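Thank you all for coming.

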Amino acid sequence: MRYLILFFFTAFSCATAQNSIFDNLEEAPINGGLQMDDYWVWGSSVIKGDDGQYHMYASRWPKFLPFHPGWMVASEIVHATSNTPEGPYKFQDVALGSRGAQFWDGRSCHNPKIVKHKDTYILYYMGSTHPFEEVTQNNIEDFNLSSKWCIAARWQKRVGVATSKSPNGPWKRLDTPVLDIKPDTYYSFLTSNPSPLIKEDGSVVLLFKGRSYQEDGIKHSDMSIGVATAPSFDSEYTVVGTKPLFSMEHLGEVEDPHLWSDDKGFHLVAKDQRGLITGGKGDGLLAHSKDGIHWVVDKNPRAYTKLVKWNNGKTIKQGQLERPFVFVENGKPTHIFFATMDGPGGFRNGTKTWNMVIPLK
């Protein structure tokens, strides 16, 4: 961790400089990505299928629910397609939906990440459940972050995997998560937001978000980012070490990591939750690794800001800009996708969300 900290101080002092992502952001197409009437839409992941189409997997939940924490109890993962990486993407089907409170992911499926190994498409996601009646327009007045639904659904969050031989499904889900909690760890409360990378030999590096229980047994800690490995996507996952890669005690609080690789090694982009690394709250962080386990923050760490230049000539500061996803084609990053929201900022102040895309030079 010492060399990480040294790089952190160097990076912070150069935070206004540019890096390989920031310096290559083009204009965002106003009609790109995925929008859905009557739904909150969030967090996309894209893969090119053998059919030549681009397949997007994204989260959605009904707009009669508040954006936050509606996703905890009613999110489903949908599948959409486009003939180009930019889109617009057209809804095709629900890939992973509700399947009953008795399943670990029976009530909510969220934050998908799609990868492929040989002939198998592998969909990583966060799942959760709760034992109560569904939230409807008849009981919505009782629904909030402190309600019974959210208390149960939050501590039930786990990382899971579904597989298919086609990007169109059907998807085979597991009856148990692949990354569970563990007492007396930084992920004793929940595991969430998986970001996988499958190496050439089929082994997996998986970044994930964890929270731990606090002493009173009700509240949870700040977010930490950990790393787990597995010999293959369908084998046992093991968390590496006892300390997270990022936390309030190590570099700073980070969320929504996304992993990719090229001929230069492994890379991640993530949301700098408090701006302790990039100098800007909510800005994007860029880091690199040779093995996916040991990470170094880029010397110019800021990968993006909420200020987006659109191809209609407008430059707008987005209310939220989260869940970064770098799409790689033919070994090169070509696009970066985001979940975004209108408004002045804050989950309660937006009226519309969608998944947007920015081409990279």
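Let me start with Asp105 and Arg99, whose side chains meet in a salt bridge at 2.8 Å, N to O; by salt bridge I mean a side-chain nitrogen of Lys or Arg within 4 Å of a carboxyl oxygen of Asp or Glu. Asp105 is buried, with a relative accessible area of 0%, whereas Arg99, at 22%, counts as partly exposed; here buried means under 20% relative accessible area, exposed over 50% and partly exposed in between, with a 1.4 Å probe and protein chains only. Arg99 and Asp105 are also linked with Arg173 in a network of salt bridges.

A word on the source: this is a predicted model, in which local features need pLDDT of at least 70 and side-chain atom pairs count only at pLDDT 80 or more, while totals for chains, interfaces and linings use all residues. Residues are numbered from 1 along each chain as its sequence is written, and side-chain values use heavy atoms, with hydrogens and water left out.

Next, the side chains of Lys332 and Asp263 form a salt bridge at 4.0 Å, N to O. Lys332 is partly exposed at 49% relative accessibility, and Asp263 is exposed at 66%. In total, the count by this rule comes to 17 salt bridges.
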